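Open the model in your viewer and keep the selection tool ready.

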Amino acid sequence: MTVRLQSEIVSIFEARALLGLTGAVDSSALKAAFRKAIKAARPDLPGGDELRFRRTIAAWRLLQAHAAKPPALAGPPARPATLPVVAITPLQALQGGKATVRFNGRTLRVSLAPGLRTGDQIRLKGAEEDGQSLRLPVLIRTSDGLSVIGNDVHMTWPTAPRLIEDGGRVEIQTHAGPRSAWITPGMTGPICLRLRDLGLPARGARVAGHLFVALTRSEDVPSAAEDLLWRFTRVWTPERLAA
């Protein structure tokens, strides 16, 4: 059987109570409380008591030892779980549709409204965090030869060098169908055409964007005249003339 000595102090709470400490104190406040308590407990002074004197010293030593302990090293802060992004293509940003996202081991389908921009958030139905519906950020990735910057869509279009040098009409296949544009003869440097209002559609406070088409030289593409001649010969073949 363990016998506790009357002068033994077994807890920090008991030691602090004996010295009259409440709340957080620094080392100077702790020393001042000890001096006051030990003076009041001195057995050679009126009101003193030998047992209380020894217990006061024991309380002081326990609090000193506790204060000298190095603080426990905290582990690295817990990193919040990384939320997935809803990765969509430029065509999905233009036209809307459906997308899939993996969350907590599940594959969920989300509806996309036309005109989404990178950074917009989509509420994920059937998924909650801290009792609130989870919202995931949108990321538009380059795809199908299209890229998105802000409100605008960018693409390249192969064009015959002769058409770039001589000028004329170029017909471009866009996501909205074929569009025609005119090239001015003698243009130097990279040629980039702007097709108005063919970028991301207006959404909320964001205005509609434009489609920017960078013309790239390609020997495999016929000039406008060659293309016209090719179409003419396709229509007026001997077989059709004979018919």
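Select H2 and H3 together: their crossing is left-handed. Left-handed means that the near helix is turned anticlockwise from the far one by less than a right angle; clockwise would be right-handed. H2 covers residues 27-41 and H3 covers residues 50-68. Helices here are DSSP runs of H or I with at least four residues, strands are E runs of at least two, and both are numbered from the N terminus.

The model is predicted, local features need pLDDT of at least 70, side-chain atom pairs count only at pLDDT 80 or more, and totals for chains, interfaces and linings use all residues. Residues are numbered from 1 along each chain as its sequence is written, and side-chain values use heavy atoms, without hydrogens and water.

Now look along the pair. The axes of H2 and H3 are 8 Å apart, at an angle of about 165 degrees. Axes are lines fitted to C-alpha atoms, for helices over the stretch in contact, with angles from 0 to 180 degrees between N-to-C directions. H2 and H3 are therefore roughly antiparallel, the term for angles over 145 degrees.

Show the side chains between them. From H2, the contact (heavy atoms within 4.5 Å) uses Leu30, Lys31, Phe34, Ala37, Ile38, Ala40 and Ala41. H3 brings Arg52, Phe53, Thr56, Ile57, Trp60 and Leu63. By class, that makes 10 nonpolar, 1 polar and 2 charged residues. Nonpolar covers Ala, Val, Leu, Ile, Met, Phe, Trp, Tyr, Cys and Pro; charged covers Asp, Glu, Lys and Arg; the others, Gly among them, are polar.

Stay on H3 and pick Ala67. Is Ala67 buried or exposed? Ala67 is exposed, at 58% relative accessible area. Buried means under 20%, exposed over 50%, partly exposed in between, with a 1.4 Å probe and protein chains only.

Zoom out. The protein chain has 7 helices and 11 strands. Of its 243 residues, 30% count as buried.

Select Asp144, between strands S5 (132-140) and S6 (147-149). Its phi is near 55 degrees, a positive value in a residue other than glycine. Most residues other than glycine have a negative phi. Asp144 is exposed, at 56% relative accessibility.

Finish at Asp197, in the loop between S10 (191-195) and S11 (211-217). Asp197 has a positive phi too, about 60 degrees.

Notes: Parallel < 35°, antiparallel > 145°, perpendicular 65-115°, else oblique.
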